[in-house]
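Biologist: Hi, I'm new to this one. Could you walk me through it?

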Amino acid sequence: MSGRDDFEAGRQDLAARNAALRDQIDTMLSDLRRRTAGIQEKQEAAARQTVEIASDDGMVTVRVDATGTLQELALSPKAFERTTPEKLARSITSVVREASGTAQRQLQSEFAPLADVSAVPEVPGVPSLAGLLRQGPLVEPPDPDAERRQRREDDAATPASNRPEPPQVRTKPDDDWDDWDWDSSRRGGRR
């Protein structure tokens, strides 16, 4: 074999390795485009998604967006008759946390497959994508089941004798101004 043949063989080998590297890069770019399109579709769907949760007694209903941000809070008209302000506040907080946790966990489970980089080939000299991506949520969302369970335990622990009486409706004013004669007292004061 002459030096020219060795040079030609080396050149062909270099061209083959270069073509293989280009194919690998093209595959990675097409995978990136596919993943980007998938993420955009999921983001659009998530922007429209809401979660609605109601307390077991129906006194509190909340609706949150996909990130768990409160969008709407509704209280039953009887909420102020059947509970104390403290218990109602705890119930509202718990239902909001349950809805928020449900929404955040749904969002995480929908986007988790898109963060999978196990099929992305490693390129020598380039940092690994798996090492660059943070694993797991920054803050663990509330556990919806634990919130519901805690509300039920709180409700069961409140004996019927400790539940507040409904407010009494007054039939007469508390003062003696009910005998006021408005027609004869146009200038004010009592006569």
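Predicted model: local features only at pLDDT ≥ 70, side-chain atom pairs only at ≥ 80, totals over all residues.

Biologist: OK, how many helices and strands does the protein chain have?

Modeller: There are 5 helices and 3 strands. Going from the N terminus, the order is α-β-β-β-α-α-α-α.

Biologist: And what share of the residues is buried?

Modeller: Of the 191 residues in the protein chain, 19% are buried. Buried means under 20% relative accessible area, exposed over 50%, partly exposed in between (1.4 Å probe, protein chains only).

Biologist: Which residues make up the largest nonpolar core?

Modeller: That core has 12 residues, among them Val51, Met59, Val60, Leu88, Ile92 and Ala103. By nonpolar core I mean a set of buried Ala, Val, Leu, Ile, Met, Phe, Trp, Tyr and Cys residues joined through side-chain atoms within 4.5 Å.

Biologist: Which element gives the most to this core?

Modeller: H3, with 5 residues. Strand S1 (50-54), strand S2 (60-65) and helix H3 (85-111) each supply at least two.

Biologist: What does isoleucine 92 touch?

Modeller: Leaving out residues up to four places away in sequence, isoleucine 92 touches Val60, Leu73 and Leu75. A contact here means heavy atoms within 4.5 Å.

Biologist: Switching topic: where does serine 76 lie?

Modeller: In the loop between strand S3 (70-75) and helix H2 (79-82).

Biologist: Why does serine 76 count as buried?

Modeller: Because its relative accessibility is 17%. Beyond residues up to four places away in sequence, serine 76 touches Gly58 and Met59.

Biologist: Now leucine 29: where is its place, and how exposed is it?

Modeller: Leucine 29 is in helix H1 (residues 3-48). With a relative accessible area of 35%, leucine 29 is partly exposed.

Biologist: Last one, glutamine 104. Which helix, and what does it touch?

Modeller: Glutamine 104 lies in helix H3. Not counting residues up to four places away in sequence, glutamine 104 touches Ala66, Thr67, Gly68, Pro141 and Pro142. Glutamine 104 and proline 141 are 37 residues apart in sequence, and 6.4 Å apart in space, C-alpha to C-alpha.

Technical notes. Residues numbered from 1 in each chain as written. Heavy atoms only, no water. Helix = DSSP H or I, 4+ residues; strand = E, 2+ residues; numbered from the N terminus.
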